[in-house]
Amino acid sequence: MLKYILKRLLMSILILLGVSMIIYFLIRLMPVDFIQSKIDAISRGGATVSQETQDAMYAMYGLGDDSFLGILKGYFSWLGALAKFDLGTSFVYGLPVAQVIFEHMGISFAIALIATIFEFMIAIPLGITAATHQYSFRDYLVTVLVMIGISLPSFFFGNMLKDFFALKLGIFPASGLVDATASYTGIQLLGDYFVHMFIPILTIVILSIGARMRMTRTNMLEVMNSDYIRTARAKGLPERTVINKHAFRNTLIPLVTSLAGLLPSLFSGAIITEQVFDLPGIGNIALDAMNRGDIPFIMGYNMFLALLSVLGVLLADLMYGIVDPRVKLE
């Protein structure tokens, strides 16, 4: 086990190096230019920015040389700072990138974690009951829910829920994280968070359970046709035991595979949903930084997600040994 983990960690380091190089070169080639945007803003204000001042601004941000060697030099400079756990300073926010990420990550993590818990609590039982009652009303109902979850765009469905619950019924706030006109503390503050996050969480849950239900149903149907399931029934085992102990345990293997992407999804933020409900989550912040050409923040944010993705794959591989005793990690 230890040898396997060390081997995977070494491979992960090589993967992260390759990912960092690809991301850096792509970001440096983006059409969005943060410095040029600042120069344009100054010019619109009536001031004139000389060429010397423009060159000095590019040099100050380390973007003066756009040649291949200049970009390569900038990459290794960034990589050296990363080795010292320094993600740089955000152009847009003027703060260390790590600080900006961790300040806004909590909101996205809380929403994603709650939504994921409800997703698993709803999707897996519905997927199981659809598989065990194939072609029944339950199965068709689950199929309809799957189609809704897969087909509806998040921005459309989020706005639809916001219009119904917030604008027409007035039960929940339409946007934001807290009520700016009130000064809540303690339980009242938690309640304010709850009413503001209800519609975004509901949006994510409804749109995400479809894929999870379909995966559970498909895997359960495949397992239910296995020989050992027929043998368990022939031995007279209760149907509940056959389903929950024998069939569902093997259904967990593909579900564990999907968990590899769960870790980065908890921290990456739901960009479109956060935009619709104007939430100050990390997804909303990252989109703003991308639109404004904030190279240090985009690099730090993407490398953070790349690291979580590698860790997610490693944890999923380790979970195989727990879910399926036949898997030996060597």
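Visitor: In which helix is the place of Asn-219?

Guide: Asn-219 sits in helix α8, which spans residues 187–224. Keep in mind that this is a predicted model.

Visitor: Does Asn-219 count as buried or exposed?

Guide: Compare the relative accessible area with a cut-off: under 20% is buried. Asn-219 has a relative accessibility of 13%, so it counts as buried.

Visitor: What does the side chain of Asn-219 reach?

Guide: It reaches the backbone oxygen of Met-215, at 2.9 Å.

Visitor: At what angle do the axes of α9 and α10 cross?

Guide: The angle is roughly 160 degrees, and the axes come within 10 Å. Helix α9 covers residues 227–234. Angles over 145 degrees count as roughly antiparallel. That is why α9 is roughly antiparallel to α10. The crossing of this pair is right-handed.

Visitor: Which residues make the contact?

Guide: From α9, take Tyr-228, Ile-229, Ala-232 and Arg-233. From α10, take Glu-239, Val-242, Ile-243, His-246, Ala-247 and Asn-250. Sorted by class, the contact has six nonpolar residues, two polar and two charged.

Visitor: At what angle do α5 and α10 pack?

Guide: About 120 degrees, with the axes 12 Å apart. Helix α5 runs over residues 97–132. Here the class is what remains once the parallel, antiparallel and perpendicular ranges are set aside. So α5 is oblique to α10. The crossing of α5 and α10 is right-handed.

Visitor: Which residues in α5 meet which residues in α10?

Guide: On the α5 side they are Ile-124, Ile-128 and Thr-132. On the α10 side they are Ile-243, Phe-248 and Leu-255. The classes here are five nonpolar, one polar and no charged. Ile-243 of α10 is named in the contact with α9 and in the contact with α5.

Visitor: Now the backbone. What is the phi of Phe-85?

Guide: Phi is positive, about 60 degrees, although Phe-85 is not a glycine. Phe-85 is in the loop between α4 (68–83) and α5. Over 50% relative accessible area counts as exposed. Phe-85 has 79%, so it is exposed.

Visitor: What about the phi of Asp-278?

Guide: Asp-278 has a positive phi of about 55 degrees, and it is not a glycine. Look for it in the loop between α12 (271–276) and α13 (282–291). Asp-278 is at 51% relative accessibility and therefore counts as exposed.

Visitor: Next, sequence against space. How are the C-alpha atoms of Ser-265 and Ala-112 separated?

Guide: Read two numbers side by side. Along the chain, Ser-265 and Ala-112 are 153 residues apart. Their C-alpha atoms are separated by 7.4 Å. Ser-265 belongs to helix α11, residues 262–268. It is partly exposed, at 35% relative accessibility.

Visitor: How far apart in space are Phe-164 and Tyr-135?

Guide: They are 33 Å apart, C-alpha to C-alpha. Phe-164 lies in helix α7, residues 154–168. With a relative accessible area of 42%, Phe-164 is partly exposed.

Methods: Residues are numbered from 1 along each chain as its sequence is written. This is a predicted model: local features need pLDDT of at least 70, side-chain atom pairs count only at pLDDT 80 or more; totals for chains, interfaces and linings use all residues. Side-chain values use heavy atoms; hydrogens and water are left out. Axes are lines fitted to C-alpha atoms, for helices over the stretch in contact, and angles run from 0 to 180 degrees between N-to-C directions. Helices (H or I, at least four residues) and strands (E, at least two) are DSSP runs, numbered from the N terminus. Angles under 35 degrees count as roughly parallel, over 145 as roughly antiparallel, 65 to 115 as roughly perpendicular and the rest as oblique. A crossing is left-handed if the near helix is turned anticlockwise from the far one by less than a right angle, and right-handed if clockwise. Contact means heavy atoms within 4.5 Å. Ala, Val, Leu, Ile, Met, Phe, Trp, Tyr, Cys and Pro count as nonpolar, Asp, Glu, Lys and Arg as charged, and the others, Gly among them, as polar. Buried means under 20% relative accessible area, exposed over 50%, partly exposed in between (1.4 Å probe, protein chains only). A polar contact is a pair of N or O atoms within 3.5 Å; within protein, one must be able to donate a hydrogen and the other to accept it, and residues adjacent in sequence count only if both atoms are side-chain atoms.
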